[in-house]
Amino acid sequence: MNIASLREVVSAEEWKLRVELAACYRLVALYGWSDLVFTHISARIPGPEHHFLINPYGLMFDEITASSLVKVDQDCNKVIDSPFPVNPAGFVIHSCIHQVREDAACVLHTHSRAGVAVSAQKCGVLPISQQSTFVLASLAYHGYEGVALRDDEKPRLQQDLGTKNFLVLRNHGLLTVGRSIPDAFLNMYIFENTCRIQIDAQAGGELIHVDPRILEGLAQVMKTVTAGQGANIAWPALIRKLDRTDPSYKE
């Protein structure tokens, strides 16, 4: 594909965000969470316009580059011309969260096998692993209403998510919110592993549940285990991993 570079077209701040978001798409593909071209990661561009970046519909996640990302406004109008469309279902889900969550710099949504499996279980996420404790500390659920194409679903999705950072979309998949792209990615990494562990554990014997008292004060625990750096304790290493394999996401 010959996609014109936008490096000299957009601000330095936006270009940095584009590179980081493209890296996130590549990492989602690398870890096996992508669903062909059908899920999304969006990032808000700082500023009063409330513009955000989302994937060009039709590209695999391991094809996405900084310049191919589509810049849209809250009404899904392209701010910069692009030959690619935007998935309307992805726009409904992501735009409504960005609209009400000022802290939602990035929204990451997946349809992974384990994630959809847990989303279809009446019990939801079980407190059976260390990973699950971090999820349960900030977890919400949204009931399935069909493919997310209708604007009237937006207020219900907004209300269900509230101030939480992890969302189970029933019969659909997983969603995380982050104050940054690395934060949303690390949240999803924990969420995905929580679901994989749960499905694996349910194939065995009786499950041991974590003492609910352990769920208290998890925000401070996370701060401690990441040496106060949050997702940035792992993000530079992830970028180095990408750069060793295929740095074309920066184009």
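Helices (H or I, at least four residues) and strands (E, at least two) are DSSP runs, numbered from the N terminus. Just after helix α5, Gly 162 takes a positive phi of about 55°.

This is a predicted model, in which local features need pLDDT of at least 70, side-chain atom pairs count only at pLDDT 80 or more, and totals for chains, interfaces and linings use all residues. Residues are numbered from 1 along each chain as its sequence is written, and side-chain values use heavy atoms, with hydrogens and water left out.

**Helix α5**

Helix α5 spans residues 154–161. Its buried residues (under 20% relative accessible area, 1.4 Å probe, protein chains only) are Lys 154, Leu 157, Gln 158 and Leu 161. Seen down the axis of α5, they fall within an arc of 100°, so they line one face of the helix. The arc is that of the directions from the helix axis to the C-beta atoms. An α-helix has 3.6 residues a turn, so residues three or four places apart point the same way. The buried residues of α5 pack against α2, β5, β6 and β7 (contact means heavy atoms within 4.5 Å).

**Asn 55**

Asn 55 sits in the loop between β2 (52–54) and β3 (70–72). Asn 55 is buried, at 1% relative accessible area. Its side chain makes polar contacts (pairs of N or O atoms within 3.5 Å; within protein, one must be able to donate a hydrogen and the other to accept it, and residues adjacent in sequence count only if both atoms are side-chain atoms).

| Partner of the Asn 55 side chain | Distance |
|---|---|
| Side chain of His 40 | 3.1 Å |

Terms used: Buried means under 20% relative accessible area, exposed over 50%, partly exposed in between (1.4 Å probe, protein chains only).
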